[in-house]
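Morning, everyone. Let me put the model on the screen and walk you through it.

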Amino acid sequence: MNTPKSKQSIETAKVIIGGQTLSCPIITGIENEKALDISELRSKTGFVTYDEGYSNTASCLSGITYIDGENGILRYRGIPIEELAQKRTFVEVAHLLIFGHLPSESERSDFSKLLTSNCMIHDNMVKLFDSLPSSSHPMATLSAMVVTLSAYYPELANPEMDMGQMNKIIAELLAKIRTLAAYSYKKSIGEPIIYPKRKYKYVENFLHMMFSTPVDEYPIDQEVVDALEKILILHADHEQNCSTSTVRLVGSSQANLFASISAGICALWGPLHGGANQAVIEMLESIVREGGDATKVIEKAKDKSSSFRLMGFGHRIYKNFDPRANIIKEICDKLLAKLGINDPCLEVAKQIEEAALKDDYFIQRKLYPNVDFYSGIILRAIGIPTNMFTVIFAMGRLPGWIAHWKEQCESPKKKIGRPRQIYVGAPLTHI
Ligand code: SDX
């Protein structure tokens, strides 16, 4: 068990409230991030802090992912994202995030075998897909099916279950998420589901289940596999974003892994979060339909009377550039050239980026392309339908969600998450 620890420090900060002085320990992270430990604030002063959207609030100590938003740095377990995307597979990165180290050759082989031998779902679950309308958004289907998986693991109810057993269930969820995603797609287009094949690796099997039919086997193109592998790696974790914080909060009540992940899938679905990749393509397609004028969308995004936002732009943490967006843009250019695709959405996206990066509104607010701005163009080139984009994001983020759920489970403290509030409702009223 690897409990994250801050640097030892005896520094304190004084919080003076009225005539009272509270000495708050200062917590220092491995990269010298600083935090005030206000654990005693309310008990000692009666005050709480107010921080809408938690922009200034650390919810936990974590050893999984480090982000430096000012310098565009993203590292999983200390390893730069650029190196992982270039040199490792998604399965290896999942192992790194969840178990804390890149797998040795034998660990990698065992882990891959576990994923390959557990990617089928119970046939009763296959029938469940038929009970959903074909118009059901794949994120709704995915969330429903993931929480339903818990019904097939009665051992989850055992509070004494050890992490060794849990690690096997974790691998099974990683294996099955592809199958659930592909089946939700097949059901939405009225095609028969395609079972996984033992001969395929992780990403290949997903593409096979998505695009093979009973009469044609999908021809695996290594460039397509590599592009999707990198997309999944780049989405694999991102510290305390909205959906990961949701997984941790739900998990803090000791809800099981499947219930916590299902909640994370729902949080990711929102257009301000993982749903942005679908919203970006819908935005680009409408611009192309209306003649491809990027300046109009820039003006609309700046117009405060409009609720329109330039989807795929801006980030709570990255204030210079999102390192993932840079890598994804390179993958995009390379894959479309390899496939001989000339996608007008890519041209419009590049025009928007060029115009926005020169525009004071975006410069002053430090708004840059984020991970979602170009990713949808790659997924579209692969043949993945727009309403499946956020499902791909969820597949990529699953190892990160699992790693954070596991890290919290293994924490010696195990406090249930329960923020406070400031009440601004009706005064005492008698009836
Ligand atoms: C993801 O947290 C993560 O790590 C998330 C993620 C991950 O890997 O998990 O990186 C994945 O969710 C990426 C973000 C995807 N979402 C979008 O692309 C949706 C469009 N982006 C915005 O809605 C926004 O930028 C957010 C939600 C991403 C961040 O919002 P913040 O940090 O709360 O910033 P804000 O809304 O307070 O905006 C600050 C200013 C405001 O203007 P003013 O009131 O100061 O005049 O910037 C403006 C905003 O209006 N602004 C935008 C804008 N984003 C911010 N204006 C136009 N278009 C935009 N996209």
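Start with a convention on angles: under 35 degrees counts as roughly parallel, over 145 as roughly antiparallel, 65 to 115 as roughly perpendicular, and the rest as oblique. Axes are lines fitted to C-alpha atoms, for helices over the stretch in contact, and angles run from 0 to 180 degrees between N-to-C directions. Helices (H or I, at least four residues) and strands (E, at least two) are DSSP runs, numbered from the N terminus.

Now the ground rules. This is a predicted model, where local features need pLDDT of at least 70, side-chain atom pairs count only at pLDDT 80 or more, and totals for chains, interfaces and linings use all residues. Residues are numbered from 1 along each chain as its sequence is written, and side-chain values use heavy atoms, with hydrogens and water left out.

First topic: helix packing. Two packed helices are described by the angle between their axes and the distance between the axes. Take helix H9, residues 222-234, against H14. Their axes come within 10 Å and cross at roughly 165 degrees. H9 and H14 are therefore roughly antiparallel to each other. The crossing is left-handed, that is, the near helix is turned anticlockwise from the far one by less than a right angle; clockwise would be right-handed.

Which residues in H9 and H14 meet? Contact means heavy atoms within 4.5 Å. On the H9 side we have Glu223, Val224, Ala227, Lys230, Ile231 and Leu234. Among their H14 partners are Ile327, Ile328, Ile331 and Leu335.

H9 also packs on helix H17, residues 372-382. That angle is about 145 degrees, with the axes 11 Å apart. This crossing is left-handed too. Val224, Ala227, Leu228 and Ile231 in H9 meet Ser375, Ile378, Leu379 and Ile382 in H17.

Back to H14, residues 323-339, and its packing with H15, residues 344-356. The angle is about 150 degrees, and the axes are 12 Å apart. That makes H14 roughly antiparallel to H15. Again, left-handed. Lys329, Cys332, Asp333 and Leu336 in H14 meet Leu346, Lys350 and Glu353 in H15.

Next, domains. Bounds come from an automatic or database domain assignment. It gives domain 1 (7-58), domain 2 (79-269 + 386-410) and domain 3 (276-382). The centres of domain 1 and domain 2, taken over C-alpha atoms, are 37 Å apart.

Cysteines. How many disulfides are there? A disulfide is a pair of cysteine sulfur atoms within 2.5 Å. By that rule, zero. Cys266 is in none; its nearest cysteine sulfur, on Cys242, is 11 Å away. Buried means under 20%, exposed over 50%, and partly exposed in between, with a 1.4 Å probe and protein chains only. Cys119, at 3%, is buried.

Now backbone. Most residues other than glycine have a negative phi, and most peptide bonds are trans. Arg77 has a positive phi, near 50 degrees. Arg77 sits in the loop between strand S5 (73-76) and strand S6 (79-80), and is partly exposed at 22%. Gln254 has a positive phi as well, near 70 degrees. Find Gln254 in the loop between helix H10 (242-251) and helix H11 (257-269). Gln254 is exposed, at 65%.

Last stop: Gly425, in the segment after helix H18 (389-409). Gly425 is partly exposed, at 44%. The C-alpha atoms of Gly425 and Val203 are separated by 51 Å, with the two residues 222 apart along the chain.
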